[in-house]
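This report describes a sheet, the helices beside it and a cavity. The structure comes first, and the description follows.

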Amino acid sequence: MVKKILSILAWVVTGVALAALFIAAREDYLNRPMKSYNVILDSESANGFVKESAVLAELASIGTGAKIGTFDMASIDKRLKANPWIENTSAYIDLDGTLNVGIKEYTPALRVFGCDGQSAYITSEGILLPTSNSHTAHLLIASGNFSFDPAQPRRLSDSVEADRNLICAMKVNEAVGRNKFVKSCIGQVYCNSANEFELVATGIDAQIIVGDTCQIDDKLKRLEIFVKNKAGTSEMQSLKTINLKYKNQIVCKKR
């Protein structure tokens with residue numbers, strides 16, 4: 001019985017000692033000065049929209065030397081996310097007193113120019129983002145009958161009538177990306193006043209009319225077959241329009 005009591009007391013004393021050591025270590029850690037910053041960028045471009053130097057400058061404004069326990073990580077996260085190109089952040093301070101900040105940057109999929117000349121980017125997730133003075137992404141361009149405010153980043157929605165053409169432009173862009181041949185020769189997508197889409201292709205003077213996004217993959221496949229068969233011929237050079245709007249047909253008009 002005595003041995004059992006002594007054994008229990010030993011475990012209790014050990015537990016209390018460990019708890020005391022943990023509390024002391026934690027207090028020591030929280031009272032250490034924050035020494036430096038480390039930024040880890042997750043971006044598909046080596047020269048993206050989020051600059052490591054800008055992030056470091058933002059962190060430096062917080063200051064070094066302050067106690068680790070005084071840092072408000074939620075506030076740091078909020079300040080960094082004020083940059084519209086930052087999708088997600090993660091931050092922690094290691095035992096050496098270094099604030100490690102991980103940043104995931106949005107990846108643009110399409111650049112759009114509105115009817116008022118303003119420009120913005122759209123991600124594959126349908127998020128509208130502003131342009132940047134420090135970086136330009138080389139993407140397919142969509143222009144024409146689009147209306148948006150590039151100063152207000154947001155997720156496009158089918159329920160917003162003003163965004164319908166932008167959503168359709170994304171679908172055209174995705175379809176072009178799925179067709180290697182068409183992707184290699186299409187330089188621009190245009191939305192006309194009738195809210196129909198046209199394509200501008202390298203080496204083809206004819207107006208390529210796609211219409212709406214219904215069966216868009218089939219339309220682009222027909223365009224691929226037609227161009228491969230007619231490329232370099234006098235017939236191709238004589239065309240004014242190549243119309244893909246009609247099911248299983250290509251309707252052309254000569255100049």
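Helix H3 (residues 73-80) lies across E2 and E3 and runs at about 150 degrees to E2. The model is a predicted one. A further helix, H2 (residues 52-60), packs on the sheet, where H2 touches E1 and E3. The direction of H2 makes about 145 degrees with that of E1.

| Helix | Residues | Strands concerned | Angle |
|---|---|---|---|
| H2 | 52-60 | E1 and E3 | about 145 degrees with E1 |
| H3 | 73-80 | E2 and E3 | about 150 degrees to E2 |

The sheet itself is open and has three strands in the order E1-E3-E2, with mixed pairing. Its edge strands are E1 (36-42) and E2 (86-93), each of which pairs on one side only. On average, neighbouring strands of this sheet are turned by 15 degrees against each other, direction ignored. Seven bridges join E2 to strand E3 (residues 98-105), and the two pair in the antiparallel sense. Ile86 stands opposite Glu105 in E3.

The cavity is described next. The count of cavities of 30 Å³ or more comes to one. The largest cavity has a volume of about 40 Å³. Its lining consists of Ala109, Leu110, Ile122, Thr123, Ser124, Met170, Asn173 and Glu174. Strand E4 (108-113), strand E5 (119-123) and helix H4 (164-178) are the elements that give two or more residues to this lining. H4 gives the most, with three residues. By type, the lining residues of the largest cavity divide into four nonpolar, three polar and one charged.

Terms used: Residues numbered from 1 in each chain as written. Predicted model: local features only at pLDDT ≥ 70, side-chain atom pairs only at ≥ 80, totals over all residues. Heavy atoms only, no water. 1 Å grid on protein atoms, 1.4 Å probe; cavity = no way out; pocket = protein on both sides within 12 Å on 5 of 7 lines; lining within 4 Å. Points joined across faces, edges and corners; volume = space filled by probe spheres on them. Helix = DSSP H or I, 4+ residues; strand = E, 2+ residues; numbered from the N terminus. Nonpolar A, V, L, I, M, F, W, Y, C, P; charged D, E, K, R; others polar. Pairing = 2+ DSSP bridges. Axes fitted to C-alpha atoms, helices over the stretch in contact; angles between N-to-C directions. Contact = heavy atoms within 4.5 Å.
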